[in-house]
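Me: Can you walk me through this chain? Start with the overall fold, then one residue.

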Amino acid sequence: MSLDLSVREPPHPAEREFVFAPADFERVRRLIYARAGISLAESKQAMVYSRLSRRLRDTGHDSFADYLLWLEQASGPAAEDEWQAFVNALTTNLTAFFREEHHFPVLAERLRALRGTPRLWCAAASTGEEPYSLAMTLVETLGPGTGGRILATDIDTRVLATGQRGVYEHEARGLSPERRARHFLRGTGANAGRIRIKPELARLIDFRPFNLMSSAWSLGEPFDVVFCRNVMIYFDAPTQRRVLEGIHRVLKPGGLLFAGHSENFGDSRDLFRLRGKTIYDRVDG
């Protein structure tokens with residue numbers, strides 16, 4: 001997964017629908033950092049205005065200052081729902097099936113070498129293409145009767161819902177015709193031109209909301225493999241370290257961490273040792 005923080009330039013400030021002062025942008029930066037660990041660059045003011053304008057309309061506020069004050073002071077279920085909408089608005093997800101394809105032969109090799117039931121964590125599941133890619137690899141490597149399990153988490157509840165549905169366009173990016181035929185059902189009627197993941201594959205995955213900034217990582221038994229790809233690039237160095245320490249704790253000794261193509265954890269050699277292209281061994285002992 002990666003967070004798409006690009007957006008077309010909004011109208012000139014004089015033509016904007018809402019008041020959006022530099023102090024408002026700084027406030028948004030502080031809030032999203034505290035809530036999700038995301039460090040927004042100065043260049044993202046246009047993105048913030050565009051993404052959050054709808055939240056102002058939906059909540060009936062006429063300026064960012066009013067909206068952000070209300071967000072900080074409100075309490076109860078409605079406030080929590082709006083905090084989730086705030087985070088969702090700033091974390092649009094880009095993904096594809098078998099993205100960074102070089103990872104999957106290494107994953108298959110590790111699965112064949114494991115004893116017992118494999119347990120995998122997809123820490124940025126987005127709309128589901130990545131965890132389903134892991135599930136396809138599990139089945140293709142260990143057979144359809146595998147007892148392997150995949151935990152698929154994301155901070156964005158909208159994309160998780162899409163992943164749980166498991167419905168995609170017929171020509172979904174990264175999906176070969178062979179895999180489409182083997183692992184998906186063809187849509188008919190209103191769903192013509194779309195495909196749905198087969199139930200026997202869906203059963204391997206547990207979709208669950210999770211914030212990597214959480215103080216409590218209650219994720220169950222330790223994992224053999226963690227995929228956390230193209231997320232760390234949006235964190236500053238202290239936040240990266242905090243997340244890597246958490247991943248280290250939930251990985252089994254000898255476990256593998258798969259990272260994104262733009263990520264480098266050379267400053268955390270006490271936690272993870274590079275073993276291949278964006279693939280890391282957990283450092284034990």
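Reply: The chain has 10 helices and 12 strands. Both are DSSP runs numbered from the N terminus: helices are H or I with at least four residues, strands are E with at least two. The radius of gyration is 20 Å, close to the 19 Å that the globule rule gives for 285 residues, so the chain is as compact as a globular protein of that length. The radius is taken over C-alpha atoms, and the rule is 2.2 Å times the number of residues to the power 0.38.

Me: What kind of model is this?
Reply: It is a predicted model: local features need pLDDT of at least 70, side-chain atom pairs count only at pLDDT 80 or more, and totals for chains, interfaces and linings use all residues. Residues are numbered from 1 along each chain as its sequence is written, and side-chain values use heavy atoms, with hydrogens and water left out.

Me: How much of the chain is buried?
Reply: Of the 285 residues, 53% count as buried. Buried means under 20% relative accessible area, exposed over 50%, partly exposed in between (1.4 Å probe, protein chains only).

Me: New topic. Where is Ser63?
Reply: Ser63 is in the loop between α2 (45–59) and α3 (64–73).

Me: Buried or exposed there?
Reply: Ser63 counts as buried, because its relative accessibility is 10%.

Me: Which residues does Ser63 touch?
Reply: Phe18, Val19 and Leu56, leaving out residues up to four places away in sequence. Contact means heavy atoms within 4.5 Å.

Me: And contacts across the chain?
Reply: Of those with a separation of 6 or more, 73% are between residues 24 or more positions apart.
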